[in-house]
Structures are given as C-alpha cells and as structure tokens.
Protein chains: 2
Amino acid sequence: MAESQPSLGESAINREHQVAPRELVERRSGPVTAMDRWLSRKILEMAGDPPINVRLWDGNEISTHETVLHRLVVADRQALWQLVYDPEFNFGELYATNRVSLEGDLVTFLEAAYQGISGTDKSPLHKFIQVVQHRPRLNTLRGSRENIHHHYNIGNPFYELWLDREAMQYTCAYFPEPSMTIEQAQVAKLHHVARKLQLKPGQTVVEAGCGWGGLARFFAKHYGVKVKAYNISHQQVIFAREKAEEQGLSDLVEYVEDDYRNIVGTYDVFVSVGMLEHVGRQQYTVLGDVIKRSLRPNGFGLVHSIGRNRPGLMNSWIEKRIFPGAYPPSLKEMMDIFEPNNLSVLDVENIRLHYAKTLEHWLMRFAENEDTIRGMFDDNFVRAWRLYLAGSIAAFTTGELQLFQVLISPDMNNELPWSREYMYPQGQHP
Amino acid sequence: MAESQPSLGESAINREHQVAPRELVERRSGPVTAMDRWLSRKILEMAGDPPINVRLWDGNEISTHETVLHRLVVADRQALWQLVYDPEFNFGELYATNRVSLEGDLVTFLEAAYQGISGTDKSPLHKFIQVVQHRPRLNTLRGSRENIHHHYNIGNPFYELWLDREAMQYTCAYFPEPSMTIEQAQVAKLHHVARKLQLKPGQTVVEAGCGWGGLARFFAKHYGVKVKAYNISHQQVIFAREKAEEQGLSDLVEYVEDDYRNIVGTYDVFVSVGMLEHVGRQQYTVLGDVIKRSLRPNGFGLVHSIGRNRPGLMNSWIEKRIFPGAYPPSLKEMMDIFEPNNLSVLDVENIRLHYAKTLEHWLMRFAENEDTIRGMFDDNFVRAWRLYLAGSIAAFTTGELQLFQVLISPDMNNELPWSREYMYPQGQHP
C-alpha cells in the first residue's frame, strides 16, 4: 500500500466523520438509556469481553476494560438491538451501511471477536436462532448458476483491480517464502498443484470450476497438457477464452460453460481449485462420482478448498451477501466425496496461513483502489467487501477456517511415487 | 510369555481343528459328488472367478479357466462347506490347520482373491452372516489389556527373528528409496516422523503405544528429546527398559506400563505409531481428548495407523486369530479423534505401498526362520503367521488397506512452517 493513501483503519474512521446526518440519527434515537448501556455490555460479553469500547449515538461510551484497542461506533438504537439479536449476521449488514463503524484496525478487531466467540459457549437460544434463520442456499443445477452469478458476474474489471496480475487467481496462493509477492505466490501455487499431480506433456486434464481460466492456461503453457475446463459463470468463460486466444493456447485449452456434473470423458488428471466451497454438501457423493468416472485407473486428482477443523456453517452474513450457497467442509465431511467412490486419499496439505497472507495482499490492493471501486459501485459495496476480506483474514489466522489440498487417486493405482520429495524440487521457487 | 506356555497356534487353532491323518479324512469324506463340484465352482465364483484350480480330497480337479496360476487343495468335505459358508474367516482357519493348502505363490493368490472379492457384490445373506458373526472385541481398559496380551506377549524372541535389527519396529517402514534394507527403511521412518514433528533438543515427547520402545530410544538418542512412552504390554515394557538401560538412555526415556487413556502431563509433542489400529472406534473421541490435553498450545502430534479408503471391518480371521480388537479406520472415521477436540489436521500422508514392502521383508525373514519358529510353537502357528503376513501384503497392494500418517496441532497454533520442504532435507536418507 502506498504511504500517501489512507490505511484501512484511517479510511474507515475518516469516512465516519464525513457522515453528516449523525445529528438527525441521534435525534431519532434519543438519549442513551440504562437499557442501551445494558445491551452494549451484552454485546461485549457475547464477543468474549475484548478490550473494546462501545460508543453510542449521543457520545456515551461503554467499556469493561481500562485500556481499549478499538472503538465500535453504533449510530442508532435499532442497530444496537440488531447487534444483540444476531451479531454474526447483523454486524456485516450494519458495517456495510455505516450504521456501525470501527476505530482501529479492522482485522485485529475481527480476530479478537473470532477468538472471543470461539471461547464463549453460545446460549442455546442464540444457537437456535442461528440455525433456523441460516441455511446455505441449495445447489441444484439452477441454484448453482444463480449463486455463482451473484458473486462472479459482478464484473471482471472489479477483480482485476486487486487480484494478482499474473494468473488472476481468486483462490489461496502458496508462499513457500512468505516474502513473495502475490504474483509470485500464485505462480508458486500453480506449480505446486501441477507437481502434486505429476503433470506430463501430452496428458489430458479436466478442471471443475475454472474461474477466469488462469490455471488451465498455466498448465497448458508450462506443462504441455491439454485442459478442458468447466465453469458456469458466463462472464468468466468469455474472459478465459479471450485470454487463451491472446496467448495462442486455444488448441490446448477448451473452456466449457457448463456445470461440473455434466463433465464427460476420461482424463489423466482431475483438478478443482476453489470450487468445493460452492458445492453443497448434498452434492459431495455426486462430485466424487464425477471424479471417479472422469479419471483413468492410474490418474490423479486434486481438490483444493476452504475447510474447517470441525463442521460449522459459513459466517451467515458472508453466505448471504458475498457467497450464496458457500459451505466450507470439515475433512470428515469432505470424505463423503471420496469414500463412497473408493477414491484413495494420498496426501492432504493444510495451508491455512497462506490464505491469510493471500487475503492481506488482496486487502491492500483493494484499499489502494477503494475510490475507483466506489465509483464503479457505491460506498456500501466498498464497506461490505472490505469487511469480507478483513473478516476472512481473521478467520484464517484464528483457525476458524482452514485450506485443504487433497490429492487422490482411484483405489487400485499402484504407480505412486515413493516419497513426496518430488513436490519439492530444490531452488525452483523464486 | 514363557516358552512352556501354549502358543497361539496350539491354544486357539489346534483345539478347534484337530488335524486327522489325510487317509482317514479321505475315507471319511468319500468320493467327490456333483454337490462337491458345485460347491467348488461356487467358491471360485465368490472369489471373482480367478484362474485357480480346486483340487479335492480324491484328486478330482475343478477349474473354470484353461490355464491356471494356482491350485487350491481342499482336504475334506467339511472344509469345502466351511469355505462356502464364510470364506473370509474359514480360509484362515483351514489354511492354518493344513486342511486347505495352496500350490503357487501365496501373495499372488491372495491378491487375486482380494481383487475378485472387491469386484464382486456379496449376496445380502453373505453380508448378513458376516455382520452378525463378526464384531471386533471391545476395547475397555481390561479388554485392551487382554487383546494386546494376545498378540504382543507371545514372546520377544519370536519377533526378534524377523523384525528389523536396528529399532525392532513392528509398524510400517518408510522406503524413500525402494531398494533400502528393512533396517534402513525403519530408520528412515523414524527420521521422517521426527522431522514432521520438528523435534528440537530438550523438548518433551509423550508416546502412546510404544511397542518395544524403539521410537522413544531413537528420538532421545538422535534428537535429544525426553520421551515418556506408554504401553500396556508387560513383556514389551520390560524389554524396552532393558534396552534403554543398555544404551545409557534411562535418563531421557521413561517407559510407563499403562493405558494411553491414563497419560498425564503436558508435552511439546504427542506421537503414536501403530496403536490406533488397536483402539476401538468408540474410544476415538477419548483419544483425541488425551492428545488435546497433553499438547501445549504450539505443540504437534502425529498419529500413524493402518486405515481404509472406506469403512469396513478388519478381515475377520485376522481380527480373531492375530489381532483381537483391531479395526483400521477410514479417514472419515479417524476424524472423530480430531474434530470434536478442535485439533487441526496439518498434513496427511498415505504410504500404503510402503507397508506392502515392509511386509515383504518381514515375510522373507519369517520364511528363512520357519524351522526355528516351528520349534518354538508348531506348524499351525507357522502357517497362520505366514498367511497373515502374505494376506497383509495383498491387502496393501490391492488397496484394501491404507497407511496414514496424520500430523496435527491445537487449533490456534500459528507457528507453522511455510512449506513441507523441511520434511525432505536433501541427501539425508541413505
């Protein structure tokens, strides 16, 4: 981030002061009452009593600690009630619409909140409320299309502003050296996946959920393989085809605008990076069946996905506003893809902290481009995405989310390397 | 067990299946009938119709192929019926007592049988019979002691005849170079586990299920760590303590004759190699709780175990005669250790073919020492163990069994390496 530009914290606070109609809001909510103060303390308690100060609409401040790291600014009484009722969902709603704002570093605040919540046993009532109100949307063939449209068709130029400029990867990068740039780390990720799969020139690869097609082009260009890549996002497929044409890779890479469940043919390699999060749990056995039938007996497959240490729903606000239908599975849940289809799990690597670092790079670029993005959309959009990126960093640094790469093979494949050393050729990453 | 006590073969198998002289059996069974021929074809069909010839007690031969690789010799009519009734269990019983024998390579025959069976859908009746008759024995604290006594207390001198002479490891070795000797591969396994756990001098390690204590002594000697190792086999603990004394490692290694559930204290590292197979599924959450409470927040744990691609029982004959209470879990089942305890899975490596190779080395040494072993026990014991070792090779080469090493950590540990390259130092294995 350039030093002249406002930091995330600054931009959040600065904008606070720009919000003029505060006096109007204050008049409507009236002076702070004993009940408002009680609710504020309740919020702090629900968050595990972090060193946070709640500042209400008339300037009243509530804190349970002597020194505070962050100030949570609540603009009206209704916002206060909404936070108590369902903090997980409403914090996002209120933050995006600027009725709740934060003074201090957003990521650190969210990390403290995640740690506080995971340390607190939620009340049965609270759990019940969350369960009945929040269910990921179903991923039928049509449902998937709508869910994916929601997220990926908001415009390629938006993503180009803050993703890497090398392969436009909207998935976890790989930082074998933590000082790498995001471009280097995305390239390192693609090599890492290619090596795990032991790609050889002339092999055929099928990809499920190919995003803007970066992996397919990279594999074709650097490993001489033929890739058939499926995606249901129209905008992404158009973009991917144009890029392949530009790079002279059209004879090696084919982009198919269709659902992974419609994959046909047999291949040496199956790969799916960052799609499983969007595949509902109900579809796991079907996905496994697709992998099984599309792999030759000595083939290899790799599934790269956000996951969890134990089952749980995606943050309800992110699921509703950012990623409809998203569900990060635990490894136990993920096994429903492989076990019914007798696919053998050869290797699982958890690169959780690599996603935190990836998101830090994205958030920095996002912050640098906030003015442009505000011009493309509006301020609520900017605040929502800032919260989503910062919240995701916190989720990965606190262990709320994991990132699994799972290497698999049909059960009778005995052409296996004797060591994983082949994944780590000396001095090959920058 | 003192040598004067009855051996496994004598105590269990002999009593139930007294071997009558062959001529007597042939006279008793009488000439082969149309029903005997039908049963023989049924057996071949149940095994997936392999190129095998069945030779019955009067010299009659039944085959469904023109060229055959193996000849299965059945000594009496009762044996034939027993094979049809429950081939999985009775093949072992009959082979051990020489009422069924084999001409041709035992491993190749068993591989063909495994492949045939996994390709055949068992009849509902057959499945029902197997389910009602076979349940692994329960692993209560007392049950575990009895189960382990059954297998490990049959005498250290027996195992010394065919296990590696370096660290006396009765678990899967690691062959980064397939030409390694069993001694080199067991040492490579111990280094591989130590590296995964990032052992540092002065650290404390707790081991659950330490066998003859080889891992504990190796870690202490080569990595300068302090190891507390638990085992409920009295004979193994006595042996382990003597070796530690001999090698001057008594101040670094402590062997505790107790159950893993009674582990106390907090350690930098938890390790368990080859115990989980003996831990009943009902105990997985308890095992995870033991791991959780014995690890410091930035500690690492490793569980090394036989597993499966999907849930299934251990071969019923092996479970009854060789490993009472044994159950190799699928990864999904294994997650019941980690997920309820919020332990984070960092890395899973499947080294299935390494166990086939380990067993090949063991079977070779076992075969070289058959006369000695027959003198220590009896011929039934030799045949039972030969079948167990050969059958295990077949189970690993056909993918019926897997070998998982799972590296874990408490959920909030952020002191994680950025790459697994540290597990593969160049040129460190012979």
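Q: How do the axes of α15(A) and α15(B) cross, and how close do they come?
A: In this predicted model, the two axes cross at roughly 180° and come within 9 Å. That makes α15(A) roughly antiparallel to α15(B).

Q: Which residues meet there?
A: From α15(A) you have Leu331(A), Lys332(A) and Met335(A), and they meet Leu331(B), Lys332(B) and Met335(B) in α15(B). By class, the contact of α15(A) with α15(B) has four nonpolar, no polar and two charged residues.

Q: And α15(B) itself, is that mostly covered or mostly open?
A: Mostly covered, with six of its eight residues buried. The buried ones in α15(B) are Leu331(B), Lys332(B), Met334(B), Met335(B), Ile337(B) and Phe338(B).

Q: What do those buried residues pack against?
A: Elements from both chains. In chain A they pack against α15 and β10 (343-350), and in chain B against α13, β9 (295-307), β10 and β11 (402-410).

Q: Take α13(B) then. At what angle does it pack on α15(B)?
A: About 45°, with the axes of α13 (residues 284-294) and α15 (residues 331-338) of chain B 6 Å apart. At that angle α13(B) and α15(B) are oblique to each other.

Q: Which side chains' residues are in on that contact?
A: On the α13(B) side, Tyr284(B), Thr285(B), Leu287(B) and Gly288(B); they meet Asp336(B), Ile337(B) and Phe338(B) of α15(B). The contact of α13(B) with α15(B) splits into four nonpolar, two polar and one charged residue. Ile337(B) and Phe338(B) also turn up among the buried residues of α15(B).

Q: Zooming out, how many residues of each chain are in contact across the two chains?
A: 34 residues of chain B are in contact with 35 residues of chain A. On the chain B side, α15 and β10 (343-350) are the elements that give two or more residues. The largest share comes from β10(B), with seven residues.

Q: What rotation superposes chain B on chain A?
A: A rotation of 180° with 0.0 Å of shift along the axis, at an RMSD of 0.1 Å. That's the relation of a two-fold axis.

Q: Why say the copies meet through the same surface?
A: Because 100% of the interface residues of chain B are also interface residues in chain A.

Q: Switching to one chain. How many helices and strands in chain A?
A: 18 helices and 11 strands. Chain A has 430 residues, and buried ones make up 51% of them. Of the chain A contacts between residues at least 6 apart in sequence, 74% join residues at least 24 apart.

Q: Into which domains is chain A divided?
A: Domain 1 covers 8-133 and domain 2 covers 141-423. Their contact takes 19 residues from domain 1 and 20 residues from domain 2 of chain A.

Q: Which elements of domain 1 supply that side?
A: α1 (8-18), α5 (87-96) and α6 (106-119) of chain A each supply at least two residues of the side that touches domain 2. By class, that side of domain 1 of chain A has nine nonpolar, seven polar and three charged residues.

Q: What about Leu197(B), buried or exposed?
A: Buried, with 22 C-beta neighbours inside 10 Å. Leu197(B) is in the loop between α10 (182-196) and β5 (204-208) of chain B.

Q: What does Leu197(B) touch, leaving aside neighbours within four places in sequence?
A: Val269(B), Val271(B), Phe300(B) and Leu302(B).

Conventions
Residues numbered from 1 in each chain as written. Chains lettered and ligands numbered in written order. Predicted model: local features only at pLDDT ≥ 70, side-chain atom pairs only at ≥ 80, totals over all residues. Least-squares fit on C-alpha atoms with pLDDT ≥ 70 in both. Contact = placed C-beta atoms within 7 Å. Helix = DSSP H or I, 4+ residues; strand = E, 2+ residues; numbered from the N terminus. Buried ≥ 20, exposed ≤ 12 C-beta atoms within 10 Å, placed from the backbone. Axes fitted to C-alpha atoms, helices over the stretch in contact; angles between N-to-C directions. Parallel < 35°, antiparallel > 145°, perpendicular 65-115°, else oblique. Nonpolar A, V, L, I, M, F, W, Y, C, P; charged D, E, K, R; others polar. Domains from an automatic or database assignment.
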